[in-house]
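Dear colleague,

A summary of what was found in it comes after.

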Amino acid sequence: KNWRVGEKAIEQAKKRDHKIMITDTAINKVDEVKVNEMSKKQNKMLHEENKNVLKKAKNQNSSNEVLSICNNDFSKRIYIFGDEFGVDPNINPDGVMLINMSKRKELFYVHNHPSTNLFSTTDIHTFLREGSIGTMSVVTNQGEVYVLHKSSKYDYNKARDLYVDIINSYSENNFDGDEVVKRFLKGCRTGGIIYERKT
């Protein structure tokens, strides 16, 4: 099965609501999302990192996207700054090396979305493609948090097939990235993926 996402699909995935400027209220609103398979310390550290990302986006990046790639004890963090529509880890050699050199499911991939959108199709694609990413977190500029976690029952083939089947059920003309993401989140447990949120 192929990952078939046409140009129109990718363009639509980039189309988000207007950027929302981050406030201190939004940063303070960020709540801890408890993922059962993660340790208390990891849940706490992920909570802190979600807040860190929003602070960096607010203070250093005009409320645009910021990505933090962390190892599983958060002793190593690499920050990459993007624009209103996305962030590309490939622009940072240290980030690329960390993703490529890390063990399976070892990394936390934490980023903000300047709009109120939850995961994008690009996020899901990255989460599945990169074996070293174990947990992906999106914090919106209004302080809502969404987390995907590859559990001990994670099955790459099942998760990938679910995603590909959903994408291939659309033609390029009627592709709806938001709908693809919602359908994937609804069914992702069948591939051993835990989805949690705090809104």
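The notes that follow describe the overall fold, the sheet and the nonpolar cores.

This is a predicted model, in which local features need pLDDT of at least 70 and side-chain atom pairs count only at pLDDT 80 or more, while totals for chains, interfaces and linings use all residues. Residues are numbered from 1 along each chain as its sequence is written, and side-chain values use heavy atoms, with hydrogens and water left out.

Overall fold. The chain has seven helices and six strands; helices (H or I, at least four residues) and strands (E, at least two) are DSSP runs, numbered from the N terminus. From that terminus on, the elements run α-α-α-β-β-α-β-α-β-β-α-α-β. The radius of gyration is 16 Å, close to the 16 Å given by the globule rule for 199 residues, so the chain is as compact as a globular protein of that length. Here the radius is taken over C-alpha atoms, and the rule is 2.2 Å times the number of residues to the power 0.38. Along the principal axes, the C-alpha atoms fill a box of roughly 40 × 35 × 35 Å.

The sheet. Six strands form an open sheet in the order β2-β1-β3-β4-β5-β6, with mixed pairing; two strands pair if DSSP finds at least two bridges between them. At the edges are β2 (77–81) and β6 (193–198), each of which pairs on one side only. Strand β3 (residues 107–113) runs parallel to β4 (residues 133–140), and seven bridges join them. Within this pair, Asn112 has Val139 of β4 as its bridge partner.

Buried residues (under 20% relative accessible area, with exposed over 50% and partly exposed in between; 1.4 Å probe, protein chains only) make up 53% of the 199 residues. A nonpolar core is a set of buried Ala, Val, Leu, Ile, Met, Phe, Trp, Tyr and Cys residues joined through side-chain atoms within 4.5 Å. The largest has 32 residues, and those touching the most other members are Ile69, Phe119, Ile124, Leu128, Leu148, Phe184 and Ile193. Helix α6 (residues 156–168) gives the most to this core, with five residues. Apart from it lies another core of 19 residues, including Ile27, Met38, Cys70 and Val110.

Leaving aside neighbours within four places in sequence, Leu148 is in contact (heavy atoms within 4.5 Å) with residues including Phe119, Ile124, Gly134, Met136, Cys188 and Ile193.

Yours sincerely
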